[in-house]
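Visitor: Hi, could you walk me through this one? I'd like to start with a helix.

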Amino acid sequence: MSLINYSSKEITCKIVYYGPGRCGKTTNLQYIYSKIPDIKRSSMVSLATEKDRTLFFDFLPLELGDIAGYKTRVQLYTVPGQVFYNSTRKLVLQGADGIVFVADSQVDLWQENTESLANLRDNLGILGMDINKVPLVMQYNKRDMPNIVPVAEMDHALNLRKAPHYEAVATTGAGVFDTLKAVSALVLQSLSAKYRR
Amino acid sequence: MTNIQYVLSEEINQAVEVSMGRYLKESRASCALLLAKSGHLISQAGFTSNFNVQSIAALIGGIFTSTQALAKIVAEEKFKVMFQEGKTWNVYFCLIADQFILATIFDKSTVVGMIRHAAGEAERELSPVLARAVVSDTDQAARDLSEKMDRQPSAAPGESGPQEEALPDFNQAVEDALSKLFS
């Protein structure tokens, strides 16, 4: 649900980071936020519980500047990953122009990844969106952990659509910007291509 | 799948700005924000420089969306109005044309009754204008914009025609934009 303003030549798009609890969605946004130079930094909004778990969403607006003649702004959101917050997840997902699915690479978290992906498919369906059509990037996070699933295996099981995928260690920033760049480009590409038919 | 977008033409923008200016004057509020339910900011009027309006818009979008979910649970069609009272600042939100939210921040120089009355007037004025800003992916306005976007990066003076078929290289454009933002 992008906003396009002809007269001020502005485009605003919404990108949602989705995935199981503690997979690193908020860490992705925190890393991006930490790298914005002070002079360009606005604020990141986090609606979290007392234990720093996302309660509603995190929100980080990014001014990308001029792209194809339009002042382009992407708004990054995360959803709460915990299973019982599904109604909140659906609300945040509403109007998403692009999605980053952050999967936890640890062997023990395998089931959480598959459940979260199924939940994403279901919630998109309820909102009238198709997981096979929405701009999507897969991020296999926590590649620095000791007991992890090989990327090929994760990709084979989770990425049936063969969306672009990136390995990441969000705490150090590895793969964070590659993911952001890929999803932003996909969203703009989709917006541009959608109306050409 | 029909994807709803908000496309603001020059004409819609002007009409919105006039209405927002009038609303601010009549309500005597400090500032007013008009946003889409998704949290996208459309217009602002008054003294907004004290506030981070992007964050305010995202939060109000979230508040309103969750409130509508709450309405559904208690078998209410929708909640149209919300009011938050603070020591210095108060915030009044109201739903406009089902897709938009008019948020008003005000202090003791006015009262909620006046805000509410003026907001009703603004709603009547803004609803038909904003209805024209909601477009689906089949609309001409959005197609026109897409063509403009596509032409822009590759168009050289005097050139026309073939570049309409080529999508711009968004990968490179985004990479350049991110490098600039984070440098």
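Visitor: Which residues of α5(B) are buried?
Guide: The buried ones are B:Phe170, B:Ala173, B:Val174, B:Ala177 and B:Leu178. Buried means 20 or more other C-beta atoms within 10 Å of a residue's own, exposed means 12 or fewer, and C-beta atoms are placed from the backbone. This is a predicted model, where local features need pLDDT of at least 70, side-chain atom pairs count only at pLDDT 80 or more, and totals for chains, interfaces and linings use all residues. Residues are numbered from 1 along each chain as its sequence is written, and chains are lettered from A and ligands numbered from 1 in the order in which they are written.

Visitor: Changing topic, what is the strand order in the open sheet of chain B?
Guide: Its five strands run β3-β2-β6-β5-β4, with antiparallel pairing. Strands (E, at least two residues) and helices (H or I, at least four) are DSSP runs, numbered from the N terminus, and two strands pair if DSSP finds at least two bridges between them.

Visitor: Which strands stand at the edges?
Guide: β3 (41-46) and β4 (81-85) of chain B do; each has a single partner strand, so one side of each is left without a neighbour in the sheet.

Visitor: How many bridges join β5 to β6 of chain B?
Guide: Seven, between residues 90-96 and 100-106. In this pair, B:Leu95 stands opposite B:Ile101 of β6(B).
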